[in-house]
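Biologist: I would like to learn how to read a structure like this one, feature by feature. Could you take me through it?

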Amino acid sequence: MEGMAIRLQSLRKSFGRTEAVAGVDLEIADGEFFSMLGPSGSGKTTVLRMIAGFEAPTAGTIELAGTDVTRRAPFERDVHTVFQDYALFPHMTLEQNVAYSLKVRKVPKAERLARAREALASVRLEGFGGRRPSQLSGGQRQRVALARALVGRPKVLLLDEPLGALDLKLREQMQVELKAIQREIGITFVFVTHDQEEALTMSDRIAVFNQGRVEQVGTPAQIYERPATPFVAGFVGTSNLLSGDAAEQVVGDRATYSIRPEKIHVLKESAAAEPEHASATGTVAEVVYLGDATRFLVDLDAGGRLTALQQNLETSSEDVAALRGSRVSLQWHRRHNFQVPEASRPSVQDAPGKHVSK
Amino acid sequence: MNLSRPARITLRIAAALGFAVIYVPLFLVLVNSLNPDRSSGWPPPGLTFEWWADAWHSSGARDALWTSVKAGLGATAIALVLGTLIAFACQRYRFFGRDAISFVVVLPIALPGIVTGVALNTAFRTVLEPLGVGLGLFTVIVGHATFCIVVVFNNVIARLRRMPGSYEEAAMDLGAHSFRTYLDITFPLVRSALVAGGLLAFALSFDEIVVTTFTAGPGIQTLPVWIFSNMARPQQAPVVNVVAAVLVLLSVIPIYLAQRLSSDTASGSRI
Ligand SMILES: Nc1ncnc2c1ncn2[C@@H]1O[C@H](COP(=O)(O)OP(=O)(O)OP(=O)(O)O)[C@@H](O)[C@H]1O
Ligand SMILES: [Mg+2]
């Protein structure tokens, strides 16, 4: 198909008895920033390694730009990888590291040095070319790994939790930079992470992995607001589900509903319900002060527990701490009730979630 | 760590005694090689290089030195090739009996030399002799290789274990085919371990005597064997001292180099 950078069809991989990847179908478009999100052990790395060619699939096919590459060696595929541990060659200088793919392709020496310097400059490391990887900080190594993978201008770049080793500040900074680089050069990024916030802020589309399968593929907004399965609702954002009796009393229907914490208002118990709002009374079990916001865990009288997130616009930490154990009324607009499809496994794009407004 | 005063003093005395036991005899050998008194009387009445000149002209000692060098180089070459290949196989591939192989490879270094010697002697005589190959330099080389492989194997596998597989994957990912990856990445990263293993193997072979005795043919004498058989002859004693002093110097150099190359890799227990 045209415009498809990567297509995976019924991809499987078993290691002995563990089925690391249990049938994955994915299509990733040219120029897309595509994230694979999932808990530890869900098979993200294994899928990435199969795309790169380090691991042979047990079954299924891998196509790159319309060509079947399932049986090809890594050096016969037009993808480069940024490894989680960066894998910079310790016996080479940064310049030699970055120029390596050009050297292998017999690019003349002068050109390859120029391009390596340019690539190092593009990750703001000009003048570092003569250093060894051991003389760099974690963030600098990460940028060298990126430069090394990008200098050969591959069609696809695979990144396995490249920001995992960095501290929060650097991480946020690198997220912005990565996104900018990707937009600028327009190549396809396949980005593995288990950090949902990272996936939500950076991606064009996200695939949520669970136990070797894809639970849902969609844009960040689709994934966050219309989770296709209870797993996605729980893994992305705070798990905030109403089901069974509680759902029947509060929403009026025995089904599983997901309500995002930030949509819920915490009011005095006596507060009258606004029109078009669902309301539920309960007792505040826990108050967590987060600085800019406060998280309330409320045990509902109808059963179950909901988390509500309130901006600390006027309240202070002392005020909110006093609310622990008090009685409150939770209210939210009915359009924020999102009915989660029951335990089905729709693994295709845009699995329709049903929005209910009662 | 803080030790009490008596403990510190005791430890120092013990250490001094230990070093004395090891190094005083070596020092005596060196001094006696310069001692003009033929029967190594003490204290030396003077200083002479007569014995060094004698040793230089002694054809027995020179032949033995040459034999030792050939045996050491031969055994080291075999050990480098086989030890490296086995180490790669055991570290990079999973196959049936992998753990058994790495155990069997390391075993010869723990076996008493006399057992290895007798076993090899029997094997060579029953297998090689009917084929017309008698005991000789070749059998010595093979005998030495059995334990030289171990040090090469241990050095290389220790290096491979500490080297993440992602270096090689990264090279292939960037377009290098398998052999290119080996040349550019793997070999440079294990080279110092190889050299260290080779030097240790040579040093091991160079002062081996037990296995040599059982595997050498009648005309073959390595330097240690020559020393051993000439020690009993009083008129040869000064020359033996010289040769021993040379042997000490020759073994110290490779071990010193190997230590510097791989301060952290495992080495054989025979050294
Ligand atoms: N070489 C291997 N041999 C045996 N089992 C493996 C191997 N590689 C991965 N697995 C197993 O396959 C499953 C998926 O692993 P994978 O590394 O793909 O997870 P992941 O989603 O990347 O997790 P993480 O977020 O922790 O990196 C795990 O259960 C893991 O134990
Ligand atoms: Mg992983």
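Modeller: Gladly. Let us start with a definition: a residue counts as buried when its relative accessible area is under 20%, as exposed when it is over 50%, and as partly exposed in between. Please keep in mind throughout that this is a predicted model.

Biologist: Which residues is A:Ala302 in contact with, leaving aside its neighbours within four places in sequence?

Modeller: The contacts are A:Ala246, A:Gln249 and A:Val250. For a sense of distance, take A:Asn97, which is 205 residues away from A:Ala302 along the chain: their C-alpha atoms are separated by 62 Å.

Biologist: Now the domains. Where do the bounds fall in the domain assignment of chain A?

Modeller: The assignment gives domain 1 as 4-234 and domain 2 as 240-339. Taken over C-alpha atoms, the centres of domain 1 and domain 2 of chain A are separated by 39 Å.

Biologist: How many residues are in contact between domain 1 and domain 2 of chain A?

Modeller: Six residues of domain 1 of chain A are in contact with five residues of domain 2 of chain A. Between them, domain 1 and domain 2 of chain A bury about 580 Å², with 54% of it on carbon and sulfur atoms. On the domain 1 side, A:Tyr224, A:Pro227 and A:Ala233 lose the most area to domain 2 of chain A, and together they make up 67% of what that side buries. The count of salt bridges between domain 1 and domain 2 of chain A is zero.

Biologist: A:Tyr224 has a ring. What sits over the ring of A:Tyr224?

Modeller: The charged end of A:Arg260 sits there, 4.2 Å from the ring centre. Chain B has a case to look at too: the charged end of B:Arg62 sits over the ring of B:Trp56, 5.3 Å from its centre.

Biologist: And rings with rings? How many aromatic pairs does a search of the whole structure find?

Modeller: The search finds nine aromatic pairs over all chains. One of them is A:Phe33 with A:Phe189, a tilted pair with 5.5 Å from centre to centre and 35° between the planes. A:Phe33 lies in strand E3 (residues 33-37) of chain A and A:Phe189 in strand E8 (residues 188-193) of chain A, so the pair ties together parts that are 156 residues apart in sequence.

Biologist: Are A:Phe33 and A:Phe189 buried or exposed?

Modeller: A:Phe33 is buried, at 0% relative accessibility, and A:Phe189 is buried as well, with a relative accessible area of 0%. Together with A:Phe191, A:Phe33 and A:Phe189 form one aromatic cluster.

Biologist: Let us move on to salt bridges. What is the general idea?

Modeller: Side chains of opposite charge can pair when their charged atoms come close. Here, a search of the whole structure finds 19 salt bridges over all chains. Among them is A:Asp245 with A:Arg254, whose closest N and O atoms are 2.7 Å apart. A:Asp245 is partly exposed at 47% relative accessibility, while A:Arg254 is exposed at 52%.

Biologist: Which parts of chain A does the pair of A:Glu269 and A:Arg327 tie together?

Modeller: The side chains of A:Glu269 and A:Arg327 meet in a salt bridge at 3.0 Å, N to O. A:Glu269 lies in the loop between strand E13 (265-268) and strand E14 (277-289) of chain A, and A:Arg327 in strand E17 (residues 327-333) of chain A, so the pair ties together parts that are 58 residues apart in sequence. A:Glu269 is partly exposed at 38% relative accessibility, and A:Arg327 is partly exposed at 34%.

Biologist: Finally, how many residues of chain B and chain A are in contact?

Modeller: 18 residues of chain B are in contact with 21 residues of chain A. Chain B and chain A bury about 1,800 Å² between them, 64% of it on carbon and sulfur atoms. In chain B, B:Glu169, B:Asp173 and B:Leu174 lose the most area to chain A, together 38% of what that side buries.

Biologist: How many salt bridges does the rule find across the interface of chain B and chain A?

Modeller: The rule finds one salt bridge across that interface. The side chains of B:Glu169 and A:Arg49 meet in a salt bridge at 2.8 Å, N to O. A network of salt bridges links A:Arg49, A:Glu55 and B:Glu169.

Key:
Residues are numbered from 1 along each chain as its sequence is written. Chains are lettered from A and ligands numbered from 1 in the order in which they are written. This is a predicted model: local features need pLDDT of at least 70, side-chain atom pairs count only at pLDDT 80 or more; totals for chains, interfaces and linings use all residues. Side-chain values use heavy atoms; hydrogens and water are left out. Rings of Phe, Tyr and Trp (its six-membered ring) pair if their centres lie within 6.5 Å; planes under 30 degrees apart count as stacked, over 60 as edge-to-face and the rest as tilted. Helices (H or I, at least four residues) and strands (E, at least two) are DSSP runs, numbered from the N terminus. Buried means under 20% relative accessible area, exposed over 50%, partly exposed in between (1.4 Å probe, protein chains only). A charge sits over a ring if NZ of Lys or CZ of Arg is within 6 Å of the ring centre and within 35 degrees of the ring normal. Domain bounds come from an automatic or database domain assignment. Contact means heavy atoms within 4.5 Å. Buried area is the accessible area (1.4 Å probe) that two parts lose on being put together, summed over both. A salt bridge is a side-chain nitrogen of Lys or Arg within 4 Å of a carboxyl oxygen of Asp or Glu.
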